[in-house]
Amino acid sequence: MKNNLVNMFVGSDIEANYVAALLIDNQIRCFVQNTLEESSSAGWAAGSTYNSSIVRVEFEDAEKAKKIINDYINDRSFSN
C-alpha cells in the first residue's frame, strides 16, 4: 500500500476486523492496526480493548469506505 492511508474506523479488534472484511468484500484494500497488541509487545499497554484497533484505507478509497462503514454503523444502531 502507499503511504497515503486514512483512518476510517476505531473500535475493538473483533469489530475492526469485521469492518475490514466488509471493505475487502467491496474490493477496498485496508490495513488493521491493533495498537493495544503493539504496545503490549513493547512491554507496556496503551488504550483499552474497546478502541484497540484502527482500520485504514488508501486516500483514493476513503469516500467509498466511508459509505460502507456508515451503512454498517447505522445498521448496527437499528439492531440494538
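**Confidence**

The protein chain has a mean pLDDT of 83, and 72% of its residues reach 70 or more. Among its elements, helix 1 (residues 13-25) has the highest mean pLDDT, 96, while helix 2 (residues 35-41) has the lowest, 57. Where pLDDT is low, the predicted coordinates should not be read in detail.

Three of them make an open sheet, in the order 1-3-2, with antiparallel pairing. Strand 1 and strand 2 (30-34) are at the edges with a single partner strand each, so one side of each has no neighbour in the sheet. On average, neighbouring strands of this sheet are turned by 25 degrees against each other, direction ignored. Helix 1 packs on the sheet and touches strand 1, strand 2 and strand 3. The direction of helix 1 makes about 175 degrees with that of strand 2.

Strand 2 runs antiparallel to strand 3 (residues 53-58), and five bridges join them. Here you can find Cys 30 opposite Val 57 in strand 3.

**Met 8, a residue in strand 1**

Met 8 is part of strand 1 (residues 5-11). Is Met 8 buried or exposed? Its relative accessibility is 19%, which is under the 20% cut-off, so Met 8 counts as buried. Beyond its neighbours within four places in sequence, Met 8 is in contact with Val 55, Val 57, Ala 62, Ala 65, Lys 66 and Ile 69. Glu 63 is 55 residues from Met 8 along the chain, and the C-alpha atoms of the two are separated by 9.7 Å.

**A pair of rings**

How many aromatic pairs does the count come to? The count is one aromatic pair. The ring centres of Tyr 18 and Tyr 72 lie 5.4 Å apart and the planes are at 45 degrees, so this pair is tilted. The pair links distant parts of the chain, since Tyr 18 belongs to helix 1 and Tyr 72 to helix 3 (residues 62-78), 54 residues apart.

| Residue | Relative accessibility | Class |
|---|---|---|
| Met 8 | 19% | buried |
| Tyr 18 | 46% | partly exposed |
| Tyr 72 | 16% | buried |

Technical notes
Residues are numbered from 1 along each chain as its sequence is written. This is a predicted model: local features need pLDDT of at least 70, side-chain atom pairs count only at pLDDT 80 or more; totals for chains, interfaces and linings use all residues. Side-chain values use heavy atoms; hydrogens and water are left out. Helices (H or I, at least four residues) and strands (E, at least two) are DSSP runs, numbered from the N terminus. Buried means under 20% relative accessible area, exposed over 50%, partly exposed in between (1.4 Å probe, protein chains only). Contact means heavy atoms within 4.5 Å. pLDDT is the predictor's confidence in each residue, from 0 to 100. Rings of Phe, Tyr and Trp (its six-membered ring) pair if their centres lie within 6.5 Å; planes under 30 degrees apart count as stacked, over 60 as edge-to-face and the rest as tilted. Two strands pair if DSSP finds at least two bridges between them. Axes are lines fitted to C-alpha atoms, for helices over the stretch in contact, and angles run from 0 to 180 degrees between N-to-C directions.
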